[in-house]
Amino acid sequence: MSEPSALHDPVKIGIVSISDRASSGVYEDKGLPALQDWLTRALHNPITFESRLIPDEQEGISAALIELVNAGCCLVLTTGGTGPALRDVTPEATLAVAHKEMPGFGEQMRQISLKFVPTAILSRQVAVVRDQSLIINLPGQPKAIAETLEGLKDADGKQVVPGIFAAVPYCVDLIGGPYIEARDEVCKAFRPKNAVRAPRSA
């Protein structure tokens, strides 16, 4: 049974899939559905999605990120274009629109991915703040997207390595965004006690 939406702040989230081939119709994009599915499962908040499917063009990526921030997205998640290949320019496009860089997100994503593949060190994901929005580059594969957001759990469901989303709601608080509430069973978010808001009554 769904909860009354009035109990949680509405949020607008930008999701961007960056791929020459998917954007030109060569194959079906899987990034946007993966992002939307995970966020819908993970958050109590009612979400309005702003989605973009664009090619690996640095200026176009930067323009899309600025557009989403200006549209009021408190969080913008990208997928694709973060490797060392010549056409991979998502990190450069993201840094070009940054007001502040948040290196801890990229560091943690690589730590999580290294549990699975040694080539995780080739990933160049970055995270930045622009105005009152947090922008995070995620991996390109749906499975890796979920792993980096949720983190790693053991066979008993106990968290072994925290996912990056655990820090997202408090980061959005600090930059003046809405109060994001994650579902503990998907990804337990952390806030200092003085930053935890009392639950609203129905």
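Author: Let's start with a definition: helices (H or I, at least four residues) and strands (E, at least two) are DSSP runs, numbered from the N terminus. One example to find is Gly151, which sits just after H6 and takes a positive phi of about 90°. Keep in mind that this is a predicted model, where local features need pLDDT of at least 70, side-chain atom pairs count only at pLDDT 80 or more, and totals for chains, interfaces and linings use all residues. Residues are numbered from 1 along each chain as its sequence is written, and side-chain values use heavy atoms, with hydrogens and water left out.

Reader: Okay, how do I read two packed helices, say H2 and H6?

Author: In general, two packed helices are described by the angle between their axes and the distance between the axes. Axes are lines fitted to C-alpha atoms, for helices over the stretch in contact, with angles from 0 to 180 degrees between N-to-C directions. Here, helix H2 (residues 31-42) and helix H6 (residues 142-150) have axes that come within 9 Å and cross at roughly 30°.

Reader: Which residues of H2 and H6 make the contact?

Author: Contact means heavy atoms within 4.5 Å. H2 brings Gly31, Ala34, Leu35, Trp38 and Arg41, while H6 brings Pro142, Ile145, Ala146, Leu149 and Glu150.

Reader: And which residues of H6 are buried?

Author: Buried means under 20% relative accessible area, exposed over 50%, and partly exposed in between (1.4 Å probe, protein chains only). In H6, the buried ones are Ala144, Ile145, Glu147, Thr148, Leu149 and Glu150. Their cover includes H2, strand E3 (75-79) and helix H5 (103-114).

Reader: Is Asp9 buried or exposed?

Author: Asp9 counts as buried because its relative accessibility is 14%. You'll find Asp9 in the segment before strand E1 (11-18).

Reader: What does the side chain of Asp9 make a polar contact with?

Author: A polar contact is a pair of N or O atoms within 3.5 Å; within protein, one must be able to donate a hydrogen and the other to accept it, and residues adjacent in sequence count only if both atoms are side-chain atoms. For Asp9, the partner is the side chain of Arg197, at 3.4 Å.

Reader: How many disulfides does a search of the whole structure find?

Author: A disulfide is a pair of cysteine sulfur atoms within 2.5 Å, and the search finds zero. Cys171 has its nearest cysteine sulfur, that of Cys74, 10 Å away. For Cys187, the closest cysteine sulfur is in Cys171, 14 Å off, so that is too far for a bond.
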